[in-house]
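I opened my notebook to look at one structure. I wanted to see how the protein meets its ligand.

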Amino acid sequence: MKESAILLCDDVTVEFDGFKAVQGMNLKLEKGELRFLIGPNGAGKTTILDVICGKVRPTGGRVTFGKVDITKKKEHQIAELGIGRKFQAPSIFPSMTVAENLEIAMRQKRAVFATLFAKMAEEERARIDAQLTMIGLQKKADWRAGGLSHGEKQWLEIGMMLLQEPEILLLDEPVAGMTDKETGKTGELLHQIALKRSIVVVEHDMEFVRNFASKVTVMHEGKLLKEGSMDEIQRDDRVAEVYLGKRRDADVSRSTA
Ligand code: ADP
Ligand code: MG
(Lines give C-alpha, C1' and ligand atoms only; values in the text may rest on other atoms or scores of the structure.)
(Ligands and ions follow the chains in the order given, each with its own letter.)
Protein backbone atom coordinates (compact mmCIF):
# COMPACT_ATOMS: atom_id res chain seq x y z
CA MET A 1 0.00 0.00 0.00
CA LYS A 2 1.31 3.38 -0.99
CA GLU A 3 0.43 5.07 2.34
CA SER A 4 2.83 2.91 4.32
CA ALA A 5 5.87 3.46 2.07
CA ILE A 6 8.35 5.53 4.01
CA LEU A 7 10.83 5.84 1.17
CA LEU A 8 10.33 5.79 -2.56
CA CYS A 9 13.00 6.00 -5.24
CA ASP A 10 11.21 6.49 -8.52
CA ASP A 11 13.11 6.04 -11.78
CA VAL A 12 16.33 7.43 -10.29
CA THR A 13 19.25 8.02 -12.64
CA VAL A 14 22.75 9.23 -11.76
CA GLU A 15 25.30 10.22 -14.35
CA PHE A 16 28.97 10.85 -13.67
CA ASP A 17 30.49 12.60 -16.70
CA GLY A 18 28.11 10.79 -19.02
CA PHE A 19 28.52 7.40 -17.32
CA LYS A 20 25.25 6.12 -15.89
CA ALA A 21 26.08 4.69 -12.46
CA VAL A 22 22.35 4.36 -11.72
CA GLN A 23 19.78 3.96 -14.50
CA GLY A 24 16.09 4.18 -13.65
CA MET A 25 16.33 2.54 -10.23
CA ASN A 26 13.11 1.96 -8.28
CA LEU A 27 13.02 1.17 -4.59
CA LYS A 28 10.11 1.19 -2.18
CA LEU A 29 10.70 0.79 1.53
CA GLU A 30 7.88 0.13 3.98
CA LYS A 31 7.86 1.46 7.51
CA GLY A 32 9.78 -0.81 9.89
CA GLU A 33 11.40 -2.74 7.06
CA LEU A 34 14.97 -4.08 7.16
CA ARG A 35 15.93 -4.22 3.49
CA PHE A 36 19.14 -5.70 2.18
CA LEU A 37 20.55 -4.27 -1.02
CA ILE A 38 23.04 -6.51 -2.82
CA GLY A 39 24.69 -6.73 -6.22
CA PRO A 40 28.12 -7.12 -7.82
CA ASN A 41 30.80 -4.47 -7.42
CA GLY A 42 29.92 -1.32 -9.32
CA ALA A 43 26.18 -2.14 -9.40
CA GLY A 44 25.34 1.33 -8.03
CA LYS A 45 24.47 0.38 -4.44
CA THR A 46 26.56 3.03 -2.72
CA THR A 47 25.46 5.62 -5.27
CA ILE A 48 21.77 5.02 -4.57
CA LEU A 49 22.44 5.48 -0.83
CA ASP A 50 24.30 8.69 -1.73
CA VAL A 51 21.22 9.88 -3.61
CA ILE A 52 18.84 9.10 -0.76
CA CYS A 53 20.94 10.98 1.81
CA GLY A 54 21.51 13.92 -0.54
CA LYS A 55 25.24 13.48 -1.06
CA VAL A 56 24.72 12.96 -4.79
CA ARG A 57 22.05 14.80 -6.78
CA PRO A 58 20.30 12.49 -9.28
CA THR A 59 20.18 13.52 -12.93
CA GLY A 60 16.70 12.04 -13.23
CA GLY A 61 13.87 10.63 -11.16
CA ARG A 62 12.48 11.39 -7.75
CA VAL A 63 13.08 10.44 -4.12
CA THR A 64 10.23 10.76 -1.64
CA PHE A 65 10.51 10.42 2.12
CA GLY A 66 7.02 9.95 3.54
CA LYS A 67 5.12 12.68 1.73
CA VAL A 68 8.16 14.93 1.22
CA ASP A 69 9.98 15.18 -2.09
CA ILE A 70 13.64 15.18 -1.02
CA THR A 71 15.16 14.92 -4.51
CA LYS A 72 16.55 18.44 -4.46
CA LYS A 73 17.17 18.82 -0.75
CA LYS A 74 20.62 19.26 0.73
CA GLU A 75 22.38 16.61 2.78
CA HIS A 76 21.89 18.40 6.13
CA GLN A 77 18.20 19.02 5.40
CA ILE A 78 17.64 15.34 4.67
CA ALA A 79 19.47 14.40 7.87
CA GLU A 80 17.26 16.80 9.83
CA LEU A 81 14.15 15.31 8.26
CA GLY A 82 15.17 11.94 9.66
CA ILE A 83 17.40 9.96 7.31
CA GLY A 84 20.71 8.92 8.89
CA ARG A 85 23.63 7.61 6.89
CA LYS A 86 26.50 5.52 8.13
CA PHE A 87 29.57 5.46 5.94
CA GLN A 88 32.14 2.68 5.84
CA ALA A 89 34.76 4.46 7.96
CA PRO A 90 33.45 5.18 11.46
CA SER A 91 33.27 8.85 12.43
CA ILE A 92 33.68 8.66 16.18
CA PHE A 93 35.85 10.79 18.48
CA PRO A 94 38.65 8.35 19.41
CA SER A 95 40.08 10.29 22.35
CA MET A 96 36.73 10.65 24.08
CA THR A 97 34.98 7.93 26.02
CA VAL A 98 32.20 5.80 24.60
CA ALA A 99 29.63 7.60 26.80
CA GLU A 100 30.96 11.03 25.79
CA ASN A 101 30.62 10.11 22.11
CA LEU A 102 26.97 9.24 22.71
CA GLU A 103 26.41 12.48 24.65
CA ILE A 104 27.77 14.53 21.77
CA ALA A 105 25.54 12.74 19.29
CA MET A 106 22.49 13.27 21.48
CA ARG A 107 23.21 16.97 21.94
CA GLN A 108 23.61 17.56 18.22
CA LYS A 109 19.89 17.05 18.06
CA ARG A 110 18.94 19.74 20.59
CA ALA A 111 19.87 23.31 21.51
CA VAL A 112 23.51 23.30 22.56
CA PHE A 113 22.94 26.14 25.03
CA ALA A 114 20.40 24.29 27.08
CA THR A 115 22.70 21.42 27.84
CA LEU A 116 26.28 22.54 27.41
CA PHE A 117 26.94 23.78 30.93
CA ALA A 118 24.06 22.13 32.67
CA LYS A 119 24.33 18.80 34.38
CA MET A 120 22.96 16.09 32.23
CA ALA A 121 19.33 15.64 33.03
CA GLU A 122 18.12 12.30 34.36
CA GLU A 123 16.21 11.64 31.20
CA GLU A 124 19.30 12.14 29.06
CA ARG A 125 21.35 9.85 31.28
CA ALA A 126 18.66 7.19 30.90
CA ARG A 127 18.70 7.51 27.13
CA ILE A 128 22.47 7.09 27.00
CA ASP A 129 22.29 4.06 29.29
CA ALA A 130 19.59 2.47 27.16
CA GLN A 131 21.66 3.11 24.05
CA LEU A 132 24.79 1.63 25.65
CA THR A 133 22.82 -1.51 26.48
CA MET A 134 21.36 -1.79 23.00
CA ILE A 135 24.78 -1.63 21.33
CA GLY A 136 26.30 -3.94 23.96
CA LEU A 137 28.85 -1.42 25.28
CA GLN A 138 27.49 -0.75 28.78
CA LYS A 139 30.61 -2.26 30.38
CA LYS A 140 32.83 -0.10 28.20
CA ALA A 141 31.08 3.23 28.73
CA ASP A 142 34.26 4.76 30.19
CA TRP A 143 36.66 3.33 27.61
CA ARG A 144 38.34 5.63 25.18
CA ALA A 145 36.47 5.05 21.91
CA GLY A 146 39.79 4.69 20.09
CA GLY A 147 40.54 1.59 22.18
CA LEU A 148 37.46 -0.31 21.02
CA SER A 149 37.62 -3.19 18.53
CA HIS A 150 36.63 -2.49 14.93
CA GLY A 151 33.20 -4.03 15.47
CA GLU A 152 32.59 -2.11 18.68
CA LYS A 153 33.45 1.15 16.92
CA GLN A 154 30.82 0.38 14.29
CA TRP A 155 28.23 -0.28 17.00
CA LEU A 156 29.14 2.93 18.77
CA GLU A 157 28.58 4.84 15.57
CA ILE A 158 25.23 3.13 15.07
CA GLY A 159 24.35 4.13 18.64
CA MET A 160 25.35 7.72 17.88
CA MET A 161 23.10 7.71 14.83
CA LEU A 162 20.19 6.30 16.80
CA LEU A 163 20.39 9.08 19.40
CA GLN A 164 19.59 11.49 16.59
CA GLU A 165 16.30 9.60 16.15
CA PRO A 166 16.36 8.94 12.41
CA GLU A 167 13.31 7.28 10.88
CA ILE A 168 15.48 5.64 8.24
CA LEU A 169 19.03 4.34 8.63
CA LEU A 170 21.24 3.79 5.60
CA LEU A 171 24.19 1.47 6.25
CA ASP A 172 26.92 0.65 3.75
CA GLU A 173 28.56 -2.73 4.38
CA PRO A 174 28.37 -2.49 8.19
CA VAL A 175 29.92 -5.91 8.86
CA ALA A 176 32.97 -5.47 6.61
CA GLY A 177 36.05 -6.37 8.65
CA MET A 178 34.05 -7.77 11.57
CA THR A 179 34.66 -11.14 13.21
CA ASP A 180 31.94 -13.80 12.82
CA LYS A 181 30.74 -13.16 16.34
CA GLU A 182 30.57 -9.40 15.78
CA THR A 183 28.73 -10.00 12.51
CA GLY A 184 26.10 -12.10 14.29
CA LYS A 185 25.62 -9.46 16.97
CA THR A 186 25.27 -6.80 14.29
CA GLY A 187 22.51 -8.79 12.59
CA GLU A 188 20.62 -9.01 15.87
CA LEU A 189 21.14 -5.31 16.49
CA LEU A 190 19.70 -4.45 13.07
CA HIS A 191 16.60 -6.54 13.78
CA GLN A 192 16.15 -4.79 17.11
CA ILE A 193 16.50 -1.35 15.47
CA ALA A 194 13.97 -2.30 12.79
CA LEU A 195 11.29 -2.73 15.46
CA LYS A 196 11.10 1.08 15.54
CA ARG A 197 12.83 2.32 12.41
CA SER A 198 13.38 1.43 8.77
CA ILE A 199 16.78 0.33 7.49
CA VAL A 200 18.47 -0.08 4.12
CA VAL A 201 21.67 -2.05 4.40
CA VAL A 202 24.07 -2.51 1.49
CA GLU A 203 25.90 -5.77 1.95
CA HIS A 204 28.09 -8.19 0.09
CA ASP A 205 28.63 -10.73 2.85
CA MET A 206 26.19 -13.36 1.56
CA GLU A 207 26.32 -15.42 4.72
CA PHE A 208 25.18 -12.35 6.63
CA VAL A 209 22.41 -11.62 4.12
CA ARG A 210 21.18 -15.22 4.25
CA ASN A 211 21.09 -15.22 8.04
CA PHE A 212 19.42 -11.88 8.60
CA ALA A 213 17.53 -10.71 5.51
CA SER A 214 13.83 -11.13 4.89
CA LYS A 215 13.53 -9.02 1.74
CA VAL A 216 16.44 -8.53 -0.62
CA THR A 217 16.87 -6.13 -3.54
CA VAL A 218 19.45 -7.02 -6.17
CA MET A 219 21.00 -4.26 -8.27
CA HIS A 220 23.00 -4.77 -11.43
CA GLU A 221 24.45 -2.13 -13.76
CA GLY A 222 22.55 0.64 -12.00
CA LYS A 223 19.17 -1.08 -12.25
CA LEU A 224 16.84 -3.21 -10.20
CA LEU A 225 17.51 -6.83 -11.20
CA LYS A 226 15.36 -8.75 -8.73
CA GLU A 227 13.53 -8.29 -5.47
CA GLY A 228 12.27 -10.97 -3.10
CA SER A 229 13.16 -13.36 -0.30
CA MET A 230 16.68 -14.77 -0.15
CA ASP A 231 15.27 -18.10 -1.38
CA GLU A 232 13.74 -16.43 -4.42
CA ILE A 233 16.96 -14.52 -5.07
CA GLN A 234 19.08 -17.66 -4.89
CA ARG A 235 16.80 -19.51 -7.30
CA ASP A 236 16.83 -16.68 -9.87
CA ASP A 237 18.79 -17.49 -13.04
CA ARG A 238 19.60 -13.88 -13.89
CA VAL A 239 20.96 -13.26 -10.42
CA ALA A 240 23.14 -16.37 -10.62
CA GLU A 241 24.38 -15.30 -14.05
CA VAL A 242 25.29 -11.81 -12.87
CA TYR A 243 27.26 -13.14 -9.92
CA LEU A 244 28.78 -16.17 -11.65
CA GLY A 245 29.52 -14.31 -14.85
CA LYS A 246 31.26 -11.38 -13.22
CA ARG A 247 32.88 -12.69 -10.09
CA ARG A 248 32.89 -16.37 -9.23
CA ASP A 249 33.95 -15.50 -5.68
CA ALA A 250 30.72 -13.65 -5.09
CA ASP A 251 28.46 -16.54 -6.11
CA VAL A 252 25.23 -15.99 -4.15
CA SER A 253 24.60 -19.72 -3.86
CA ARG A 254 27.71 -20.20 -1.76
CA SER A 255 28.63 -18.61 1.53
CA THR A 256 31.59 -16.50 0.53
CA ALA A 257 31.97 -12.89 1.56
P1 ADP B 1 28.64 -0.37 -5.65
O2 ADP B 1 28.49 0.33 -4.34
O3 ADP B 1 27.44 -1.18 -6.03
O4 ADP B 1 29.88 -1.22 -5.71
P5 ADP B 1 28.96 2.30 -6.72
O6 ADP B 1 27.64 2.93 -6.48
O7 ADP B 1 30.06 2.66 -5.79
O8 ADP B 1 28.79 0.71 -6.80
O9 ADP B 1 29.44 2.65 -8.18
C10 ADP B 1 28.64 2.47 -9.33
C11 ADP B 1 29.42 2.85 -10.55
O12 ADP B 1 29.60 4.26 -10.57
C13 ADP B 1 30.82 2.26 -10.59
O14 ADP B 1 31.11 1.94 -11.94
C15 ADP B 1 31.70 3.38 -10.09
O16 ADP B 1 32.99 3.29 -10.63
C17 ADP B 1 30.96 4.61 -10.60
N18 ADP B 1 31.14 5.78 -9.74
C19 ADP B 1 30.78 5.88 -8.44
N20 ADP B 1 31.05 7.09 -7.94
C21 ADP B 1 31.59 7.81 -8.96
C22 ADP B 1 32.08 9.16 -9.11
N23 ADP B 1 32.04 10.02 -8.09
N24 ADP B 1 32.55 9.52 -10.33
C25 ADP B 1 32.57 8.67 -11.35
N26 ADP B 1 32.13 7.40 -11.31
C27 ADP B 1 31.64 6.97 -10.12
MG1 MG C 1 29.64 0.28 -2.57
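These entries go from the ligand to the helix beside it.

**Entry: the model.** I noted that this is a predicted model.

**Entry: the shell.** I looked up which residues surround ligand 1. I found F16, F19, A21, P40, N41, G42, A43, G44, K45, T46 and T47. I then sorted the shell by residue class: 5 are nonpolar, 5 polar and 1 charged.

Entry: I checked oxygen atoms of ligand 1 against N or O atoms of the protein. The side chain of T47 places an N or O atom 2.5 Å from a ligand 1 oxygen. For G42, a backbone N or O atom sits 2.8 Å from an oxygen of ligand 1. For A43, the distance from a backbone N or O atom to a ligand 1 oxygen is 3.1 Å.

**Entry: which elements contribute.** I found that β2 (19-30) and α1 (45-52) each give at least two residues to the shell around ligand 1. Which element gives the most to this shell? I wrote down α1, with 3 residues.

**Entry: helix α1.** Is α1 largely enclosed or largely open? I counted 7 buried residues out of 8, so α1 is largely enclosed by the rest of the structure. "Buried" here means under 20% relative accessible area. The buried residues are K45, T47, I48, L49, D50, V51 and I52. K45 and T47 also belong to the shell around ligand 1.

**Entry: after the helix.** I looked just past α1. G54 has a positive phi there, about 85°.

Methods. Residues are numbered from 1 along each chain as its sequence is written. Chains are lettered from A and ligands numbered from 1 in the order in which they are written. This is a predicted model: local features need pLDDT of at least 70, side-chain atom pairs count only at pLDDT 80 or more; totals for chains, interfaces and linings use all residues. Side-chain values use heavy atoms; hydrogens and water are left out. A residue is near a molecule or strand if one of its heavy atoms lies within 4 Å of it. A polar contact is a pair of N or O atoms within 3.5 Å; within protein, one must be able to donate a hydrogen and the other to accept it, and residues adjacent in sequence count only if both atoms are side-chain atoms. Helices (H or I, at least four residues) and strands (E, at least two) are DSSP runs, numbered from the N terminus. Ala, Val, Leu, Ile, Met, Phe, Trp, Tyr, Cys and Pro count as nonpolar, Asp, Glu, Lys and Arg as charged, and the others, Gly among them, as polar. Buried means under 20% relative accessible area, exposed over 50%, partly exposed in between (1.4 Å probe, protein chains only).
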